[in-house]
Amino acid sequence: PGFSLTQTYLGEVNAALGNQAEALRLLELAYARTPGFPGVRPTLAYTYRMTGREVQARRLLVEARAAALTQESWLNYVETLAVMGEPDSAFAILGQVEREQKNRDIDTDMRANPLLRGFRSDPRFATIMARRVEGQRVK
């Protein structure tokens, strides 16, 4: 596949299935082409961590934080924190982003990325989603 979207989603699936070598190949291609593409940085960080490359994983976490200027990049940072095993920080930031920008949707990748299944199953995720639905009814 020659598109970042395809490479990222295939990378996510391979990472979730434990095919770390193939995930790494696809995600590094996607990251080289479009480093800011939603989902590529968190999944690549996760894959680096799972293959023992903690320094590279932490570098991506720092990059995600530095790039967090728009809601999309904040959500990318939230995803990176979540897959790096820092759910409390991820939920704190997600809640803040959700409160400040109620007119925007939660990133599709956050709702679909198989690596975030545990994050989505946390009751805090359901609480944030319920607030979003209520906020949309008020408008």
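Here is a friendly note on this predicted model, point by point.

1. **How to read the model.** In this predicted model, local features need pLDDT of at least 70 and side-chain atom pairs count only at pLDDT 80 or more, while totals for chains, interfaces and linings use all residues. Residues are numbered from 1 along each chain as its sequence is written, and side-chain values use heavy atoms, with hydrogens and water left out.

2. **The overall fold.** The protein has nine helices and zero strands, where helices (H or I, at least four residues) and strands (E, at least two) are DSSP runs numbered from the N terminus. Along the sequence, the pattern is α-α-α-α-α-α-α-α-α.

3. **Contacts along the chain.** Among contacts with a separation of 6 or more, 58% join residues 24 or more positions apart. A contact here means heavy atoms within 4.5 Å.

4. **A helix pair to look at.** The axes of H3 (residues 40-50) and H4 (residues 54-66) come within 7 Å and cross at roughly 160°. Axes are lines fitted to C-alpha atoms, for helices over the stretch in contact, and angles run from 0 to 180 degrees between N-to-C directions. H3 and H4 are therefore roughly antiparallel (over 145 degrees; under 35 is roughly parallel, 65 to 115 roughly perpendicular and the rest oblique).

5. **Who meets whom there.** From H3, Arg41, Leu44, Ala45, Tyr48 and Arg49 meet H4 residues including Glu54, Arg58, Leu60 and Ala64. The residues of this contact divide into six nonpolar, one polar and six charged. Ala, Val, Leu, Ile, Met, Phe, Trp, Tyr, Cys and Pro count as nonpolar, Asp, Glu, Lys and Arg as charged, and the others, Gly among them, as polar.

6. **Threonine 80.** This residue lies in helix H5 (residues 71-83). Is threonine 80 buried or exposed? Threonine 80 is buried, with a relative accessible area of 0%. Leaving aside neighbours within four places in sequence, threonine 80 touches Arg41, Pro42, Ala45, Leu61 and Ala64. Threonine 80 and valine 40 are 40 residues apart in sequence, and their C-alpha atoms are 9.4 Å apart in space.

7. **Glutamine 20.** In helix H2 (residues 20-33) you will find glutamine 20, which is buried at a relative accessible area of 13%. Not counting residues up to four places away in sequence, glutamine 20 touches Asn14, Ala15, Tyr46, Thr47, Met50 and Thr51.

Definitions and conventions
Buried < 20%, exposed > 50% of the residue type's maximum accessible area, 1.4 Å probe, protein only.
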